[in-house]
Amino acid sequence: MSAITLSTVFVTFFAVVGPPKVLLAFAQLSQGRTPAELRRLTLVSSLVAALVGLVLAYSADFMAALFHISDQSLQIAGGVIFFVYAMALVLGFHLGGGGKNDEHLANPLADGIRELLLPYVASPLAITALLVESLTRDTLGWHSTVAAMYVAVIAVDCLCVLLLAPLLRASRRTSLEVLSRLLGLLLAAVGVEMVLYGLESLGVHLADSQNGH
């Protein structure tokens, strides 16, 4: 079985923190904010999310050593998390989002970032993906590649929200829900691949597939 490829890394990040999921979160926030406030919130939250991703991509080895976590256990655990989340997407459930909170902060920007904390800025799925992908290969070049792919997805998110901001106020969830379910199917396959790769790294013999991978 081949190692996780560059395209797989991008697809994984796109599925766990890409536009289909992010646009749903921003669509909810847009209902009570002006277009200017939404643009400012988009830029600031995207910058914070990118910084979090960069830190995690380059500190994955340190964090794994600190908590005594092996690469294989993280791959298997991450694969299971991805698969569960993917099944939730396919079935129409949404995991990892914050619940409704009647208390709002005085600063609208800080209040918006708080609401985006779990689904976007510090998504548990995105953090898991960053650690799993970064630990796949122990080289600076690979960590830089993972970081670049994550920042690229965040940039795509930011661009999509900025371009679609006028439409988010009147947006319907149906089309985004359909796309989320399609991405859920891809993410389920990625999750299974991670589990199999972790098992293979532990020495579990896996039969070669007919296509040679």
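Predicted model: local features only at pLDDT ≥ 70, side-chain atom pairs only at ≥ 80, totals over all residues.
Start with the overall layout. The protein chain has eight helices and zero strands. Read along the sequence, its pattern is α-α-α-α-α-α-α-α. The chain holds 213 residues, and 41% of them count as buried.

Now go inside. In soluble globular proteins, nonpolar side chains tend to be buried together. Here the largest nonpolar core has 48 residues. Phe13, Val16, Val17, Phe26, Leu116, Tyr120 and Leu187 touch the most other members. Two or more residues come from each of helix 1 (6-17), helix 2 (19-30), helix 3 (35-66), helix 4 (71-91), helix 5 (108-121), helix 6 (124-134), helix 7 (140-168) and helix 8 (173-201). Helix 7 gives the most, with nine residues.

Take Leu187 as a way in. Setting aside neighbours within four places in sequence, Leu187 is in contact with Ala15, Val16, Phe82, Tyr85 and Ala86.

Then turn to the surface. The protein chain exposes about 11,000 Å². Carbon and sulfur atoms supply 68% of that area. One nonpolar patch lies here, formed by Leu47, Leu51, Leu54, Tyr58, Leu140 and Val151. Together these residues have about 550 Å² of accessible area. Helix 3 and helix 7 each supply at least two of the patch residues. Helix 3 gives the most, with four.

Val151 sits in helix 7. Is Val151 buried, partly exposed or exposed? Val151 counts as partly exposed, because its relative accessibility is 30%.

Key:
Residues numbered from 1 in each chain as written. Heavy atoms only, no water. Core = buried A, V, L, I, M, F, W, Y, C linked by side-chain atoms within 4.5 Å. Buried < 20%, exposed > 50% of the residue type's maximum accessible area, 1.4 Å probe, protein only. Contact = heavy atoms within 4.5 Å. Patch = residues over 30% accessible without salt bridge, like charges linked within 9 Å, V, L, I, M, F, W, Y side chains within 5 Å. Areas by Shrake-Rupley, 256 points an atom, 1.4 Å probe, with all protein chains shown as cover. Salt bridge = Lys/Arg side-chain N within 4 Å of Asp/Glu carboxyl O.
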